[in-house]
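Please read the following walk through one protein model with the sequence and the structure side by side.

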Amino acid sequence: MGTVCWYAIGLSALKVYALEGHILLKNVCNHPTILLWMLALGVSQFVFYTIMPTMLMKFGSGSATINILAADLYAAIAGVLLFKMSYDAFYMSGMAVICIGILIYTLKGDAEEEESRISDESSESLMKYSSMDFDQSAVL
């Protein structure tokens, strides 16, 4: 999984260079803050691509997707509250659908865990009673 991280970082660097390389090379000498922002982008991508494989193995793809969508939701809320941004109605309706989906996923996960726990307990008790040795003479 570590190799995937390095491939993703390399592909991201190539993408940034291909799309913004000529602008970056012209303006870095005049504005060193651009270089700092590009380094911050590289560090954040490194952290993302390093943590994501571990998160996928430990929690699954559903949880990873929900976390990414929740981060997008937080960014939208911050944009509205901090920067007075306005979003299209389709974007906000999409965010509402995401919030409802997260709620359903969370509630369904709790219900499934409860059902699994109950079925595990019943199967354990069934195995406990089936493994008991009964005295056949006491029954007759």
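The largest pocket has a volume of about 190 Å³. A pocket here is an open set of points on a 1 Å grid over the protein atoms alone, where a 1.4 Å probe fits, with protein on both sides within 12 Å along at least five of seven lines. The volume is the space filled by probe spheres set on the points, which are joined across faces, edges and corners. Lining residues have an atom within 4 Å of a point, and for this pocket they are I9, S12, A13, V16, Y17, L24, M38, L41, G42, Q45 and F46. The elements that give two or more residues to this lining are α1 (2-27) and α2 (32-59). The most, six residues, comes from α1.

This is a predicted model, in which local features need pLDDT of at least 70 and side-chain atom pairs count only at pLDDT 80 or more, while totals for chains, interfaces and linings use all residues. Residues are numbered from 1 along each chain as its sequence is written, and side-chain values use heavy atoms, with hydrogens and water left out.

The protein chain has five helices and zero strands. Both kinds of element are DSSP runs numbered from the N terminus (helices H or I, at least four residues; strands E, at least two). Buried residues, meaning those under 20% relative accessible area with a 1.4 Å probe and protein chains only, make up 12% of the 140 residues in the chain.

Next comes α3. In α3, the residues A64, I66, A70, L73, A76 and G79 are buried.

Y74 is also found in helix α3, but Y74 is exposed (over 50%), because its relative accessible area is 56%. Y74 belongs to a nonpolar patch on the surface, together with I77, V80, L81, L82, F83, M85, Y91 and M92, with about 930 Å² of accessible area in total. Such areas come from the Shrake-Rupley method with a 1.4 Å probe. Patch residues have over 30% relative accessible area and no salt bridge, and nonpolar side chains are joined within 5 Å. A salt bridge is a side-chain nitrogen of Lys or Arg within 4 Å of a carboxyl oxygen of Asp or Glu. Both α3 (61-83) and α4 (89-130) supply at least two residues of the patch, and the largest share, six residues, comes from α3.

What lies in the loop between α3 and α4? K84 does, and K84 has a positive phi of about 55° although it is not a glycine. K84 is exposed, with a relative accessible area of 68%.

Terms used. Patch = residues over 30% accessible without salt bridge, like charges linked within 9 Å, V, L, I, M, F, W, Y side chains within 5 Å.
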